[in-house]
Structure formats: C-alpha cells, structure tokens
Amino acid sequence: MNLTTWEARLTLPIIPGRDHIRGPLDAPVTLLEYGDYECPYCGLAHPITRVVQQEMGDMLRFVFRHFPVTTVHPYAELAAEAAEAAGAQRKFWAMHDLLYENQQQLDPPHLLANAEALGLDIKRFGSDLGRHVHEAKIREDFLSGVRSGVNGTPSFFINDVRHDAPWDFATLLTAVKQAAM
Amino acid sequence: MATRQQQQNAPLAPGTRAPDFRLHDTPDQTVAPSDFRGRPLILAFYPADWSPVCSDQMVLYQQVMPEFQKYDAQLLGISVDGVWCHLAFAKHRNIHFPLLADFEPKGDVSRAYEAYRRQDGVSERALFVLDRDGMIYWSYLSPVGVNPGADGILRALDAMARKVAS
C-alpha cells in the first residue's frame, strides 16, 4: 500500500518564448518530451514523435525539454547546449533533428559541423557553447522534469499529465488522439 | 493466489523513529544513520545493483544530488548486494553516494524498515526521508518495477524545510 500517492503532473507550465514548440500554439493537444540527446531510447522515440506529429497535424503541439543525464551520458549536456545555441539563432528544431539522427556524433567537432551545415553564425555558436550560456536554462528544464516526476528518458506528458503507458507509435498516437477528444 | 500488489509490505510509517543500523558501504568502512544526525537523511532501498530500473533510479539520484544538497540532505542507497558488487556498480554508473550492503544477516535492515520482499529475497523499492532527529518524515513504497523518481523526496524535503522555518 502506498502511503502517499499522487498523479505526476507538469509543474512548470509551457511558456511560448521559453519553450521550444512545434505545431500551432493553440493546438488542442500538447505532447511534451523530456529527452536526452545521448539516450538511445530517446533516439528510438524521435522518429515516433515525428510521425505522431505528422498524423495529428494542427491538432498537436510538440514541446521538447532537456533532461541530460550526464552521469552516464558525457555528451548529453553539450548536445543540449548546442540545440539551445541553435535555438538562439532560430534553428532549434533543425539541430534537434540532427542530434537525434546522429547520436553517435555528439562530440564538439561534430556539433560545430552541424552548426555549419545549418548555416549558423559559427562564432556566436562556439561562444555560446564555450561560455555555457544556455546551461542555466537546461538545468531549469531538468529540474522541472524531476519535480514533475520524470524518472528516466524519454518521459512524455500529454496535456500536462505524465504518460505512463509505453511510447511505441500505436500506443502514443492513441493516447494523443484520446486527449484530443 | 496473492497478487504482486498484495504481497507488498507497508513500509515503516511517518512519525516512527527510524531504526538505527550500521552497514558496510566499502570493505573497510561502515555507515549509520546516526552519523548524519542533524541533517535530513534519504534512505533509498532498492532490489538489485545492475537491474535496469535500479540503475536508472540510482543514476537519476546522482544527477539530482545538487538539489538534495540544497537541503543539506544525505542520500544512502541500500540493497542486499555485497560491498564489492556495490563498488563495481557505483564505478560503472558514476554513482558517488554510499551504497550500503544489507548483506549479512541478509536483509535485516530492510526487514526493520518493513521494506523486504521475502518472496524474492531482496529489498523493496522503498523510499524514506528522515528528519534531523532521526524520525521518519515520509515513506513511500514503489511497485518494484517502477522507478519512483525524485519528486516525492523533494516534496518531503520541501515540506520539512517549511516546517523547520515556521
């Protein structure tokens, strides 16, 4: 018997401008992922989230927050900073996709190569990474996840409630569709 | 036949004095809750080093450690694995908090906290937050296959800090 029970809910509301959002801001369903670019399960989940977004169209907004587990993933933090640094130049999602699609290549030379491929201002990108400009925001993402009951990656929330079922394509799509009804 | 859920214990409840004990965390060093009196103490009982859920849980706690430290809280992991197993596990997963061996007599401490799975011979996945005086402030028993995360611990530490401040 549990002496304390609670429903895991998102503790930090989604804030446009702060959060990275794909899809219409006023979509009826929100799917939020707490993810780690070096986590192989997140790598498996990435194409699933993409197809769920395609299937749902304007019914869904997808939000990504960082949950780098550097204890076991030494490149996860810098990869997250690279995504944020790209985001500062309006290329967050392009970098996000590149990182997840190339999880074996998250070391600094590859991050710089990604930035070049995306046509980013390399000086600014390198400076952001070198000075860890985005570290505080990533930590805020991480802690918001911890407080919301994230216990591993990837963790999904659908309309602020943690999705405890599996995240294979069929299950995730069904859950998102049900939330839209 | 009893279901898995029914076989679970209820862990020692809040308001109970936490049983003291002394267990090895390394071959030549022991740790006791009373070593940390005056500070909040988190006890995380878990079934087994190396198992996927336990690994994720302990790695998460290592990652959350700076938050626990903001409350001056100490974290101890406890399972029935031996010290050499703990050392290898901790090294492999970069875990830097003590992992205690409830190894001989096997499971004695877990039993004292009513956090032992007799049918499996391992500790339950149970969390305890002790206050500065060694009283149990919060306890939680997680289904054995579910990583309970850290939010419950942080809520308990929050509530305890507010109580101390008021």
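The model is predicted. Chain B has five helices and nine strands, and its radius of gyration of 15 Å agrees with the value near 15 Å for a compact globule of 166 residues. In chain A, five strands form an open sheet with mixed pairing. The largest nonpolar core has 72 residues, and residues of both A and B are among those with the most contacts inside it.

**Chain B: overall form**

- Read from the N terminus, the elements of chain B follow the order α-β-β-β-α-β-α-β-α-β-β-β-β-α.
- The C-alpha trace of chain B spans about 45 × 40 × 25 Å along its principal axes.
- Buried residues make up 46% of the 166 in chain B.
- Among the contacts in chain B with a separation of 6 or more, 67% are between residues 24 or more positions apart.

**Contact between chains A and B**

- Chain B brings 22 residues to the contact, and chain A brings 16 residues.
- On the side of chain B that touches chain A, at least two residues come from each of α2 (52-70), β9 (136-142) and α5 (151-165) of chain B.
- Helix α2(B) gives the most to this side, with seven residues.
- By class, the side of chain B that touches chain A consists of eleven nonpolar, seven polar and four charged residues.

**The sheet of chain A**

- The strand order in the open sheet of chain A is β1-β3-β2-β4-β5.
- Strands β1 (20-22) and β5 (161-162) of chain A are at the edges; each has a single partner strand, so one side of each has no neighbour in the sheet.
- Strand β2 (residues 29-35) of chain A runs parallel to β3 (residues 60-66) of chain A, and seven bridges join the two.
- A:Y34 has A:R65 as its bridge partner in β3(A).
- Six of the seven residues of β2(A) are buried, so this strand is largely enclosed by the rest of the structure.
- Helix α7 (residues 169-180) of chain A lies across β2, β3 and β4 (155-158) of chain A, and runs at about 140° to β2(A).

**Nonpolar cores**

- In soluble globular proteins, nonpolar side chains tend to be buried together.
- In the core of 72 residues, those with the most contacts inside it are A:A79, A:A82, A:L99, B:L43, B:A44, B:F128 and B:V129.
- Helix α2 (residues 76-87) of chain A gives the most to this core, with eight residues.
- Leaving aside residues up to four places away in sequence, A:A82 touches A:M95, A:L99, A:L111, A:N114 and A:L129.
- A second, separate core has 13 residues, including A:L10, A:M56, A:I158 and A:L172.

**A:L143**

- A:L143 is part of helix α6 (residues 135-147) of chain A.
- A:L143 and A:F67 are 76 residues apart along the chain, and 8.3 Å separates their C-alpha atoms.

Notes
Residues are numbered from 1 along each chain as its sequence is written. Chains are lettered from A and ligands numbered from 1 in the order in which they are written. This is a predicted model: local features need pLDDT of at least 70, side-chain atom pairs count only at pLDDT 80 or more; totals for chains, interfaces and linings use all residues. Helices (H or I, at least four residues) and strands (E, at least two) are DSSP runs, numbered from the N terminus. The radius of gyration is taken over C-alpha atoms; the globule rule is 2.2 Å times the number of residues to the power 0.38. A residue is buried if 20 or more other C-beta atoms lie within 10 Å of its own, exposed if 12 or fewer, and partly exposed in between; C-beta atoms are placed from the backbone. Two residues are in contact if their C-beta atoms, placed from the backbone, lie within 7 Å. Ala, Val, Leu, Ile, Met, Phe, Trp, Tyr, Cys and Pro count as nonpolar, Asp, Glu, Lys and Arg as charged, and the others, Gly among them, as polar. Two strands pair if DSSP finds at least two bridges between them. Axes are lines fitted to C-alpha atoms, for helices over the stretch in contact, and angles run from 0 to 180 degrees between N-to-C directions. A nonpolar core is a set of buried Ala, Val, Leu, Ile, Met, Phe, Trp, Tyr and Cys residues joined through C-beta atoms within 7 Å.
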